[in-house]
Amino acid sequence: DEDSALLSDQQFDDDDLPFVPAPPVLAIVGRPNVGKSTLVNRIIRSKQAVVEDVPGVTRDRVSYDAEWNGKDFSIVDTGGWEQDARGIHRQVADQAEVAVDEADAVIFVVDGLVGATAVDEAVVRMLRRKKKPVFLAANKVDSEAQMAEVYALWNLGLGEPYPVSALHGTGTGDLLDAAVKALPDTAQHGGLVPRGGPRRVALVGRPNVGKSSLLNKLAGSERVVVDDVAGTTRDPVDELVELGGETWRFVDTAGIRRRQHMAQGSEYYAMLRTQRALDKAEVAVVLLAVDEPISEQDVRIVQLAVDSGRALVIAYNKWDLLDDERRYYLEREIQRDLGHVSWAPRVNVSAQTGWHKDRLAPALETSLTNWGQRIPTGRLNAFLGELVAAHPHPVRGGKQPRILFGTQPSSRPPKFVLFTTGFLDPGYRRFIMRRLRETFDFTGTPIEISMRVRE
Ligand code: GDP
Ligand code: GDP
């Protein structure tokens, strides 16, 4: 039957995915002023990267497209820590660590004239634990006469040091040949880049909430169907819909339109279908109907959408059926059952009359914008510093965990890493999460925070 056809068809084509695998990532790490930006400029052969002559100027992690020997990759330049007498050593290592976790290979730059410092050695210890290919660049070796320090760098235990002059370009070819050879074809650590073209929306919700009606209302007579493979069991069909002056791609609309089937299918298959649509989308519209109490299945679908890491809009349909009494209970149900997703934009609509249908596009825009947001490391740490000063973590068993440093290594959805001196209480974590949302606009996007405890 159709459900088993759906199941056996779980391996959908790559073409269906809203993302393409990101190119592999080469991280450039090292102390400030060793010449990382100059080296990055050399590699990307342009002046995209800014070289700062002022020591301690806050620069954030930046990523650039690069190509060497016919291979595309991205380069992540790890500035970002602030010159801070208390914690500079630690922060250099922390920032580098996050970049290294996301990278496929690493170029570790040291100042070839100065040799290895204590900070360099701390970075080396971290690099060893990560077990990624590491290439040691001894920079500022502008002439043969300066080679003596370079040989001493064998002591770092990272293999052969590559003497380079990022300024003059000498030695950088050999270094890149080796580093780029060590890169896989695509990024190994969750890197996804939007494919481009119309942004992809999954319209999901339990049977009978009005998905099909809403889609009809939105698409009107201008229906454009893509990927319609007639006469096969491969039933996902996407439709292009104009909303708010923009074209959106509603994914897997065949399942939405086949009303009877949806109503009859078991919840298990409905959830499977929902999951598949979410996988293919950048943003989810979860549709609920206000004429009936919010059900467990509604809440489960909202949770699937949140867990998928996609941007989210919650739409309440059949608003034309709402009377005052039902409205009172509805608001209470929303607070009780969906209070944890109060960050999602809420749109009240009537698919039947078309009331408020033009509110959907702005909500989608908001969620997608915030989903892709990245907070610069400097701003994030200014925020954390103020927050921790005003509301320190409660003392637990004579100890008080501190937050040393934070960074946001990725977005879609935004992910934060906090370096701490101990485990943070769940309540305190929720507090940070709430303050993050209040301070920066994360309306419409889930956010994740992970902790790294430093002994
Ligand atoms: P970053 O903080 O590690 O990104 O370092 P920068 O790229 O900003 O460089 C710091 C300083 O070192 C700048 O004044 C650069 O011009 C200088 N520099 C970078 N590479 C070389 C090099 O190969 N030789 C010399 N002599 N100076 C360099
Ligand atoms: P789906 O299963 O989620 O695709 O839901 P349908 O679009 O098939 O709608 C289920 C039923 O709800 C149909 O009888 C629709 O006419 C009705 N319906 C959908 N939207 C509205 C609405 O906004 N107001 C009212 N009164 N009925 C609606």
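Predicted model: local features only at pLDDT ≥ 70, side-chain atom pairs only at ≥ 80, totals over all residues.
**View 1. Strand β4 and its two partners, β2 and β3.** Strands here are DSSP runs of E with at least two residues, helices are runs of H or I with at least four, and both are numbered from the N terminus; two strands pair if DSSP finds at least two bridges between them. Strand β2 (residues 25-29) pairs with β4 in the parallel sense over 4 bridges, whereas strand β3 (residues 62-68) runs antiparallel to β4 and is joined to it by 7 bridges. On the β3 side, V62 stands opposite D77, and the hairpin of β3 and β4 has 2 residues between the strands, with N69 taking a positive phi near 50°. Strand β4 (residues 71-77) is largely enclosed by the rest of the structure because 5 of its 7 residues are buried, a residue being buried if 20 or more other C-beta atoms, placed from the backbone, lie within 10 Å of its own, exposed if 12 or fewer do, and partly exposed in between.

**View 2. The largest nonpolar core, around V106.** A nonpolar core is a set of buried Ala, Val, Leu, Ile, Met, Phe, Trp, Tyr and Cys residues joined through C-beta atoms within 7 Å. The largest one has 56 residues, of which L26, A27, V106, I107, F108 and A137 touch the most other members, and strand β5 (residues 105-111) gives the most to this core, with 6 residues. Not counting residues up to four places away in sequence, V106 touches A27, V29, V100, L127, K132 and V134, where contact requires C-beta atoms, placed from the backbone, to lie within 7 Å. Another core, of 45 residues, lies apart from it and has W248, V251, A281 and L287 among its members.

**View 3. The shell around ligand 1, and S165.** A residue is near a molecule if its C-beta atom, placed from the backbone, lies within 6 Å of it. Of the 17 residues around ligand 1, G35, K36, S37, T38 and L167 come nearest, and helix α2 (residues 36-44) contributes the largest share of the shell, 3 residues. By class, this shell has 5 nonpolar, 7 polar and 5 charged residues, with Ala, Val, Leu, Ile, Met, Phe, Trp, Tyr, Cys and Pro counted as nonpolar, Asp, Glu, Lys and Arg as charged, and the others, Gly among them, as polar. S165, in the loop between β7 (161-163) and α6 (172-181), is buried, with 21 other C-beta atoms within 10 Å. The C-alpha atoms of S165 and T38 are separated by 9.2 Å, although the two residues are 127 apart along the chain.

**View 4. The shell around ligand 2.** Ligand 2 is surrounded by 18 residues, the closest being G210, K211, S212, S213 and Q352. Both α7 (211-219) and α9 (259-264) supply at least two residues of this shell, and the largest share, 3 residues, comes from α7. The shell divides into 6 nonpolar, 8 polar and 4 charged residues.

**View 5. Backbone geometry at D252, R412 and P413.** Most residues other than glycine have a negative phi, and most peptide bonds are trans. D252, in the loop between β12 (246-250) and α8 (253-257), has a positive phi of about 55° although it is not a glycine, and it counts as buried, with 26 C-beta neighbours inside 10 Å. R412, which lies in the loop between β16 and β17, also has a positive phi of about 55° without being a glycine, and the peptide bond from R412 to P413 is cis, with omega near -5°.

Definitions and conventions:
Residues numbered from 1 in each chain as written. Chains lettered and ligands numbered in written order. Contact = placed C-beta atoms within 7 Å.
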